[in-house]
Amino acid sequence: MSEKTLPMGHGDFLELAYQLPTPFYLYDEKAIVDNARRFNQLFSWAPGFRNYFAVKACPNPTILKLLEKEGFGCDCSSLPELLLSKASGITGERIMFTSNDTPEEEFRAAYELGAIINLDDITHIETLENAIGTVPETICFRYNPGKNRTGNAIIGNPVEAKYGLTDDQIVEGYRIMQDKGVKHFGLHTMVASNELDGSYIVETARMLFDLAVRIKKETGATIEFIDMGGGIGIPYRPDQDAMDLQMVSDGMKALYDEIIVPSGLDPLQIVFECGRVITGPYGYLVSKVLHVTKKYKDYVGIDASMADLMRPALYGAYHHITVVGKEKNFHDHLYDVTGSLCENNDKFAIDRELPKVERGDVLVIHDAGAHGHSMGFNYNAKLRSGEYLLMGDGSVKMIRRAQTYDDYVATLRFEGALVEV
Ligand SMILES: *Cc1c(COP(=O)(O)O)cnc(C)c1O
């Protein structure tokens, strides 16, 4: 079970929702920091442990900076993500550049920042060399196990995945890079997304540990770090349990002692690229009810839309919804909760049991702290919502203002006037 609570009392929450322009995102600073510390603590046995927070999960420098203070790095996959990282004080080996289908200029920027470059593809060896005119001292390769591993339900079958070097290519990759003079090597994979079963993560560690030993045997190259990728899930539904991370840590430690220590690869650094499990549960999308109506079904229309949070429409993902102040009321109504896009899949929930909802009620959509705001878009000329941080001292700070019409039209080149005066 995972309890869906609000980070402040009803009264305060309603006041805030009426004071700020809705919809908006609210992140809970203390909860994020405490969670980051817990994550570090869990893996404190692992040499050089670090989580490279996947910037795409929550690309706001205020949040990145909070994590930076906890020793996190950034996992980037584009030039703007690299620049956001840099702006947040994260450079050098605290950046993991795990990109795919990568343009040369992005390799150049990553190299200039001193980032660890994680190659997704065997042809990227040449792209990288063309881009930077040399090879970096450290290189990592992303492994795709193909039919050696079943992917989890969300990321899909590895054979169908566009990512990574195949089992045949991976050893060759290290051989080539050794010949070119690379000194330090890492090994990465990511075969799960939003996974809640910890044993899947432990088995991924086993796969990478075994592969590191095989690479050493076949090429003499010493893998110095293992990058487990992201993909640790969160319990979006109240009846789901969070992943048992203690079990994951213990399981990985046992495998480390069993496989890595005797192989002579100890100390082997272990890193993750988790985004979702770090900020996901501690972000809320706050919205007001614009209308409640009855058609062939009962509808609650809110001022947020899938342009603010795409996951329900994109994946059919469940996001818990609280009607602020009515948590204790009987949940005896069945509603579709919709946004205003001219798209019938613009729904946050279908047939959701909720208390009786009225116009003006404040609806909070939970677990929106990762892959939430960042996936937003401008369809129907919807303007992007603002982001706020609930500070440790109880105050609320704006960390991204809402987009304005002027922002929206700023890139247009148009002879006429865009604004009537
Ligand atoms: C998206 C992504 C992550 C983060 O995934 P989470 O589900 O947020 O943990 C990490 N690494 C890579 C390469 C990714 O694409």
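The model is predicted: local features need pLDDT of at least 70, side-chain atom pairs count only at pLDDT 80 or more, and totals for chains, interfaces and linings use all residues. Residues are numbered from 1 along each chain as its sequence is written, and side-chain values use heavy atoms, with hydrogens and water left out. Helices (H or I, at least four residues) and strands (E, at least two) are DSSP runs numbered from the N terminus.

- The axes of helix H7 (residues 167-179) and helix H8 (residues 198-219) come within 10 Å and cross at roughly 55 degrees; axes are lines fitted to C-alpha atoms, for helices over the stretch in contact, and angles run from 0 to 180 degrees between N-to-C directions.
- H7 and H8 are therefore oblique to each other (under 35 degrees counts as roughly parallel, over 145 as roughly antiparallel, 65 to 115 as roughly perpendicular and the rest as oblique).
- On the H7 side the contact (heavy atoms within 4.5 Å) is made by Asp-167, Ile-170, Val-171, Tyr-174, Arg-175 and Gln-178, and on the H8 side by Leu-211, Arg-214, Ile-215, Glu-218 and Thr-219.
- The axes of H5 and helix H6 (residues 124-132) come within 8 Å and cross at roughly 65 degrees, which makes H5 roughly perpendicular to H6.
- Glu-104, Phe-107, Arg-108 and Tyr-111 of H5 meet His-124, Thr-127, Leu-128, Asn-130, Ala-131 and Ile-132 of H6.

**Annotated binding site**

- The UniProt annotation "binding site", from an unreviewed entry, covers Arg-276, Arg-311, Tyr-315 and Glu-343; positions are given in the numbering used here, feature names are shortened, and annotations may be inferred rather than shown by experiment.
- These residues span 68 residues in sequence, and their farthest two C-alpha atoms are 26.9 Å apart, so they do not all gather at one spot.
- Arg-311 is placed in helix H11 (residues 311-315).

**Backbone details**

- Most residues other than glycine have a negative phi, and most peptide bonds are trans.
- Thr-22 and Pro-23 are joined by a cis peptide bond with omega of about -5 degrees; Pro-23 is in the loop between helix H1 (10-19) and strand S1 (24-28).
- The bond from Asp-266 to Pro-267 is also cis, with omega near 0 degrees, and Pro-267 is in the loop between helix H9 (245-263) and strand S9 (269-272).
- Asp-101, a residue other than glycine, has a positive phi near 55 degrees and lies in the loop between strand S4 (95-98) and helix H5 (104-112).
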